[in-house]
Amino acid sequence: MSDTQYYWQERSGEKEPCKKCSTCGHEKPVKEFHRNPQTKDGHSYVCKTCACAATIEWKRKNKEKYAESLRSWKERNRERKRENNRRWARDNPEKIVAQQKLNTAIHSGKIPPATNYGCSICSQTASDYHHWSYDTRHTFCVVPLCRECHTRFHSGTLQILDMKSLAIQ
């Protein structure tokens, strides 16, 4: 390896190399650091948790720049995006059916749009409904969420322990 200082921790009977994150200062197993061929040891100096938090913060502060880079990527990778969408739809037919039934109910006036509600997490105006279950018995049991909370939930930075209790029936 390199001259980077490694620590060894005993985990489940095996020793594994660890290093210290330059942001949070915690010693973590090397596998919790992104690979980076430009560093001496081949791993980033910042752990994945801190790197993810920094990325989320950058996106929050640079919304226009992020939106432009995302738009540009989608433009350059149009076919790749289509294929990813096709694969997702093929792998998640129950989600497609639930979304279609919910959209039909909203357009026919059986269910009010999410914007009629406040976000179940932060109370801002909701923009999306989140299905807490895709079981056909729960098609219309949805949770109104604002775009930010919905995105945070799906990215794993927001945990909702009892989603069912937040659902509108």
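From the N terminus on, the elements of the chain follow the order β-β-β-β-β-α-α-α-α-β-β-α-α, which comes to 6 helices and 7 strands, where helices (H or I, at least four residues) and strands (E, at least two) are DSSP runs numbered from the N terminus. The model is a predicted one, in which local features need pLDDT of at least 70 and side-chain atom pairs count only at pLDDT 80 or more, whereas totals for chains, interfaces and linings use all residues. Residues are numbered from 1 along each chain as its sequence is written, and side-chain values use heavy atoms, with hydrogens and water left out.

Of the 169 residues of the chain, 26% count as buried, a term that stands for under 20% relative accessible area, with exposed meaning over 50% and partly exposed the range in between (1.4 Å probe, protein chains only). The accessible surface of the chain amounts to about 12,100 Å², and 50% of this area belongs to carbon and sulfur atoms, as given by the Shrake-Rupley method with a 1.4 Å probe, for which only the protein chains shown count as cover for residues. Among contacts (heavy atoms within 4.5 Å) between residues at least 6 apart in sequence, 32% join residues at least 24 apart.

Two packed helices are described by the angle between their axes and the distance between the axes. Here the axes are lines fitted to C-alpha atoms, for helices over the stretch in contact, and angles run from 0 to 180 degrees between N-to-C directions. The axes of helix α1 (residues 48–61) and helix α2 (residues 63–76) come within 5 Å and cross at roughly 100°, so that α1 and α2 are roughly perpendicular to each other, a description applied to angles of 65 to 115 degrees. At this crossing, Trp58, Lys59, Arg60 and Lys61 in α1 meet Lys63, Lys65 and Tyr66 in α2. Helix α2 in turn packs with helix α3 (residues 78–91) at an angle of about 90°, the axes being 4 Å apart, and Trp73, Lys74, Glu75 and Arg76 in α2 meet Arg78, Arg80 and Lys81 in α3. For α3 and α4 the angle is likewise about 90°, with the axes 5 Å apart, and these two helices are therefore roughly perpendicular to each other. The residues that meet here are Trp88, Ala89, Arg90 and Asp91 in α3 and Pro93, Lys95, Ile96 and Gln99 in α4.

The loop between α4 (93–107) and β6 contains Ser123, a residue other than glycine with a positive phi, near 75°. Ser123 is exposed, with a relative accessible area of 60%.

Strand β6 (residues 128–131) and β7 pair in the antiparallel sense over 4 bridges, pairing being assigned if DSSP finds at least two bridges between two strands. In β7, Leu145 is the bridge partner of Asp128 and Val142 that of His131. In a regular strand the side chains alternate between the two faces of the sheet. In β6, Asp128 and His130 point one way and Tyr129 and His131 the other way, and all are buried. Both faces of β7 (residues 142–145) are covered as well, with Val142 and Pro144 buried on one side and Val143 and Leu145 buried on the other.

The largest nonpolar core has 8 residues, namely Leu102, Ala105, Ile111, Ala114, Ala126, Tyr129, Val142 and Ile168, a core being a set of buried Ala, Val, Leu, Ile, Met, Phe, Trp, Tyr and Cys residues joined through side-chain atoms within 4.5 Å. A second, separate core of 7 residues includes Cys119, Val143, Leu145 and Cys146.

Key. Parallel < 35°, antiparallel > 145°, perpendicular 65-115°, else oblique.
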